[in-house]
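Hello,

Here is the structure I promised to pass on to you. Please have a look at it first, and then read my notes below.

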Amino acid sequence: MRLFGLIGFPLSHSFSAGFFKKKFADENIFDAEYRLFPLTNISRLPELIEQQPDLQGFNITIPHKIEILPHLTHVSKVAFDAGAVNCVKIEREASGVKLYGFNTDIYGFRKSLLPLLKTYHYSALILGTGGAAKAVSYILLELGIGYIMVSRSSREKNVLQYSQLTEEIIKTNLLIINTTPAGMYPELDKHPDIPYQFLSSGHLLYDLIYNPSETKFLKKGKEYGAATKNGLQMLELQAEKSWEIWNS
Ligand code: NAP
């Protein structure tokens, strides 16, 4: 049995286990299993890998996408440049265990965003400054879309606080991407604290959250005529890409 899985914490509402279970059943893949491995501290990763000798690859979610980097033998250039890894392939050799890190979020985000872009989406706001924000900023940079990050607390260069978002900033950044967990199940009433009243039909609001399928952020955007996109397609694309990597 080839074992795959997801590490992170908490994992109670993970999509991935259901996705792979269905994929394995639909595609008659009988020699693979995908399991959840809740890991509160990344320092316990070597222990997990030793205890699960059949584990051949895993995905990484909150809060370990950045802190896994020092634990890896190799990191793909894209994941290294983005500073976050969400997919690891394990190779067990006589000389020891090798861990190869990739970022398939980047692939999923790029492929799901491209068909929605209009010529006037040349500058963006990225809400949040965590692991997913790194994947998003990597793609925006590659596509030549300028961006400003928005944070509750960071005071770094090119990062604004939510209280600094003016009418002009909202009106000149027609692509707004939520990479925060605000509004994710079960906290359905939460939403990033932006001045929604300045949104228009020219805006595209992309929420990386996929549960619920329509967050309060997207609902409020729709009220002002904005186009919206949730994170489901990105999630499916990154999962398929991870499968491809584990089987390559
Ligand atoms: P993360 O590393 O924990 O970062 C999230 C960032 O959001 C934090 O750095 C924080 O930035 C901000 N934040 C956290 N809690 C917040 C709150 N209550 N209100 C406002 N801002 C908050 O998490 P992540 O790995 O980047 O993931 C973020 C979200 O993206 C999650 O909902 C995850 O499920 C989703 N995601 C979806 C996909 C997909 O395929 N669709 C892929 C990756 C991630 P500041 O402290 O600077 O404000």
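Gln161 is buried: its relative accessible area is 12%, and the cut-off for buried is under 20%. Please keep in mind as you read that this is a predicted model. Gln161 belongs to strand β9, which covers residues 159–161. Which residues is Gln161 in contact with, leaving aside its neighbours within four places in sequence? They are Val150, Ser151, Arg152, Ser153, Ser154 and Arg155.

**The nonpolar cores**

Next, have a look at the largest nonpolar core, which has 21 residues. Phe109, Leu140, Leu175 and Ile177 are the ones with the most contacts inside it. Two or more residues each are given to this core by α4 (104–113), β7 (123–127), α5 (131–143), β10 (175–178) and β11 (204–207). The largest share comes from α5, with 6 residues.

Not counting residues up to four places away in sequence, Phe109 touches Val136, Ile139, Leu140, Ile177, Tyr206, Leu208 and Met234. Another core, of 18 residues, lies apart from the largest one. Leu45, Phe58, Ile68 and Val85 are among the residues of this other core.

**Two helix pairs**

Two packed helices are described by the angle between their axes and the distance between the axes. I have notes on two such pairs for you.

Let us begin with α4 and α5. Their axes come within 9 Å and cross at roughly 50 degrees, and α4 and α5 are therefore oblique to each other. The crossing in which α4 passes α5 is right-handed. On the α4 side, the contact is made by Asp105, Ile106, Phe109, Arg110 and Leu113. On the α5 side, Ala135, Val136, Tyr138, Ile139, Leu140, Glu142 and Leu143 take part. Of the residues in this contact of α4 with α5, 9 are nonpolar, none are polar and 3 are charged.

Now for α1 and α8, the latter being the helix of residues 232–246. These two pack at an angle of about 60 degrees, and their axes are 11 Å apart. That angle makes α1 oblique to α8. Here too there is a right-handed crossing, with α1 passing α8. From α1, the contact involves Phe19, Phe20, Lys23 and Phe24; from α8, it involves Glu236, Ala239, Glu240, Trp243 and Trp246. The residues of this contact of α1 with α8 divide into 6 nonpolar, no polar and 3 charged.

**Some backbone details**

Most residues other than glycine have a negative phi, and most peptide bonds are trans.

- The peptide bond from Ile62 to Pro63 is cis, and its omega is near 0 degrees. Pro63 sits in the loop between β3 (55–60) and β4 (74–75).
- The peptide bond from Asn211 to Pro212 is also cis, with omega near 10 degrees. You will find Pro212 in the loop between β11 and α7 (216–223).
- Asn28 is not a glycine, yet its phi is positive, at about 50 degrees. The loop that holds Asn28 runs between α1 (16–26) and β2 (32–38).

Is Asn28 buried or exposed? Asn28 counts as exposed, because its relative accessibility is 53% and the cut-off for exposed is over 50%.

Enjoy exploring the model!

Best wishes

Notes: Residues are numbered from 1 along each chain as its sequence is written. This is a predicted model: local features need pLDDT of at least 70, side-chain atom pairs count only at pLDDT 80 or more; totals for chains, interfaces and linings use all residues. Side-chain values use heavy atoms; hydrogens and water are left out. A nonpolar core is a set of buried Ala, Val, Leu, Ile, Met, Phe, Trp, Tyr and Cys residues joined through side-chain atoms within 4.5 Å. Buried means under 20% relative accessible area, exposed over 50%, partly exposed in between (1.4 Å probe, protein chains only). Helices (H or I, at least four residues) and strands (E, at least two) are DSSP runs, numbered from the N terminus. Contact means heavy atoms within 4.5 Å. Axes are lines fitted to C-alpha atoms, for helices over the stretch in contact, and angles run from 0 to 180 degrees between N-to-C directions. Angles under 35 degrees count as roughly parallel, over 145 as roughly antiparallel, 65 to 115 as roughly perpendicular and the rest as oblique. A crossing is left-handed if the near helix is turned anticlockwise from the far one by less than a right angle, and right-handed if clockwise. Ala, Val, Leu, Ile, Met, Phe, Trp, Tyr, Cys and Pro count as nonpolar, Asp, Glu, Lys and Arg as charged, and the others, Gly among them, as polar.
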